[in-house]
Amino acid sequence: MAQGEVLLAAQRKQMLPEGVGLDSHDRPTTDPRAVLEGGSALPFAGHKGSSIAFMIEILAGALTGGHFGFEDRSAEYPGAQTSKAGQTVILIDPRLVSGNRYFERIEGLFAAIAESGVERLPAERRYAQRQRSLREGIAVSDRDWAKLHELLA
């Protein structure tokens with residue numbers, strides 16, 4: 001689970017699903033505050049997720065000079081919203097690869113997934129929500145509106 005989702009769960013006073021995080025004593029917890037206040041999020045997908053997380057640490061920490069997870073001290077500063085981790089963006093233009101059939105292959109993959117009975121593709125809901133937001137705007141609660149004005153002041 002992404003840290004942003006853990007932050008949202010804490011704001012909404014919602015519990016996390018089992019297996020998402022540990023408290024500061026390395027005990028499993030469903031309390032998002034315990035994860036954020038000295039605990040840690042667990043990688044998804046067991047050892048495979050750990051390998052992906054390790055790769056991200058290398059790309060976003062070592063490559064950029066940002067903090068590694070074990071160097072993150074943001075929990076020591078109440079209200080901190082950043083871990084000072086780095087970010088890496090890798091751009092690949094498949095059109096530049098000679099003889100590439102990337103777009104045809106992706107369309108074939110999407111068609112096979114749809115034919116398998118999957119109700120929606122990854123990110124489909126996000127793209128639909130983005131289109132709705134462009135048409136209808138974004139609803140902001142009175143509390144969030146007041147917070148925005150407070151931050152602007």
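W145 is partly exposed, with a relative accessible area of 48%, where partly exposed denotes the range between buried (under 20% relative accessible area) and exposed (over 50%), computed with a 1.4 Å probe on protein chains only. The structure is a predicted model, in which local features need pLDDT of at least 70 and side-chain atom pairs count only at pLDDT 80 or more, whereas totals for chains, interfaces and linings use all residues. Residues are numbered from 1 along each chain as its sequence is written, and side-chain values use heavy atoms, with hydrogens and water left out.

W145 lies in helix 6 (residues 142-152); helices (H or I, at least four residues) and strands (E, at least two) are DSSP runs numbered from the N terminus. Together with I138, V140, L148 and L151, W145 makes a nonpolar surface patch of about 550 Å². Such a patch joins nonpolar side chains (Val, Leu, Ile, Met, Phe, Trp, Tyr) within 5 Å, taken from residues with over 30% relative accessible area and no salt bridge; areas follow the Shrake-Rupley method with a 1.4 Å probe, and for residues only the protein chains shown count as cover.

Helix 6 also holds E150 and K147, which are three residues apart and thus separated by about one helical turn. These two residues form a salt bridge with the closest N and O atoms 3.6 Å apart, the criterion being a side-chain nitrogen of Lys or Arg within 4 Å of a carboxyl oxygen of Asp or Glu. E150 is exposed at 55% relative accessible area, while K147 is partly exposed at 41%. Seven salt bridges are found in the whole structure. One of them links R95 to D93 at 2.9 Å, N to O; R95 is exposed (64%) and D93 partly exposed (28%).

The largest nonpolar core comprises seven residues, V6, A9, A10, L16, V20, V35 and L36. A core is a set of buried Ala, Val, Leu, Ile, Met, Phe, Trp, Tyr and Cys residues joined through side-chain atoms within 4.5 Å. Helix 1 (3-11) and helix 2 (32-36) each supply at least two of the core residues, and the largest share, three residues, comes from helix 1. Beyond neighbours within four places in sequence, L16 contacts M1, V6, A9, T30, D31, P32 and V35 (contact: heavy atoms within 4.5 Å).

Three strands form an open sheet of order 2-1-3 with antiparallel pairing, pairing requiring at least two DSSP bridges between strands. Strand 2 (28-29) and strand 3 (40-41) stand at the edges with a single partner strand each, so one side of each lacks a neighbour in the sheet.

Conventions: Patch = residues over 30% accessible without salt bridge, like charges linked within 9 Å, V, L, I, M, F, W, Y side chains within 5 Å.
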